[in-house]
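Biologist: I am new to this structure and would like to learn how to read its strands and helices. Could we look at it together, one feature after another?

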Amino acid sequence: MHALTPEQYRRLRDLARAWTAAHQREAKAEPHFNPRLAADALCFQCYRLPDHGDQLVGALVTPLSLWLVMLPAEEAAPGPEPGARTTLTLPSGRYPLEAVALGDSLSCWRLVLLDDLADLDSRQAASRLAQRLMERIMAPAEETAAGTPEGESG
C-alpha cells in the first residue's frame, strides 16, 4: 500500500461524479433516497492484486447506499466489463464483486454493503459510517471476530 497520487484522488472524484450523473435522477424516486447525502468516494487505498494489478479499494457513499468499490488505479487501465464478477480478498475475508458501468467512460467493481442510508442525518455521519465499515473490512478476520488482534487480551 502507498499514498494516493493527486491523479488517483481526481479519479475518485470522477467516480462520485459519474455515479451522480448516471443515477441521481432515478435515485430521487426511491423511497429511501436521502437528500442530505451526496455521492462521495471515501477511505480508498491502493492495492496490487494478483488478478487485477493496481486497484483502488474503498467505499462509495451515495444517497441510497454504501458500496465496497474496486477500480483500476490508473485511468488508462481498462475498467471491468459490466456484468462480470470477481472475488476480492481482503484481510477480513473474501468479497464477491460485480462490475457496473457508471456512464459511458467509467466502470468499477462493487459490492453493496448497505442498501438503505435514509436514517443518516449528514454527509459527516455517512463518512464516519464508511470509515467504520472499511476499518472492519481491512482488519484481519481474527481481529474482526474477536474484537482484538489475535494474541492480545482485552
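Modeller: Let us begin with a general idea: two strands count as a pair if DSSP finds at least two bridges between them. Please keep in mind that this is a predicted model.

Biologist: Which residue in S2 is the bridge partner of Tyr-47?

Modeller: The partner of Tyr-47 is Gln-55 in S2, and S1 and strand S2, which covers residues 53-61, are antiparallel and joined by 8 bridges.

Biologist: In what order do the strands of the open sheet lie?

Modeller: The sheet has 6 strands in the order S1-S2-S3-S6-S5-S4, and their pairing is antiparallel. Its edge strands, S1 (40-49) and S4 (85-90), each pair on one side only, while the twist from one strand to the next averages 30°.

Biologist: Which strands does helix H1 lie across, and which does helix H2 lie across?

Modeller: Helix H1, residues 6-27, lies across S1, S2, S3 (66-72), S5 (93-101) and S6 (107-114), and runs at about 125° to S1. Helix H2, residues 123-138, lies across S1, S2, S3, S4, S5 and S6, running at about 20° to S1.

Biologist: Is Cys-43 buried, exposed or partly exposed?

Modeller: Cys-43 has a relative accessible area of 32%, and because buried means under 20% and exposed means over 50%, Cys-43 is described as partly exposed.

Methods:
Residues are numbered from 1 along each chain as its sequence is written. This is a predicted model: local features need pLDDT of at least 70, side-chain atom pairs count only at pLDDT 80 or more; totals for chains, interfaces and linings use all residues. Side-chain values use heavy atoms; hydrogens and water are left out. Helices (H or I, at least four residues) and strands (E, at least two) are DSSP runs, numbered from the N terminus. Axes are lines fitted to C-alpha atoms, for helices over the stretch in contact, and angles run from 0 to 180 degrees between N-to-C directions. Contact means heavy atoms within 4.5 Å. Buried means under 20% relative accessible area, exposed over 50%, partly exposed in between (1.4 Å probe, protein chains only).
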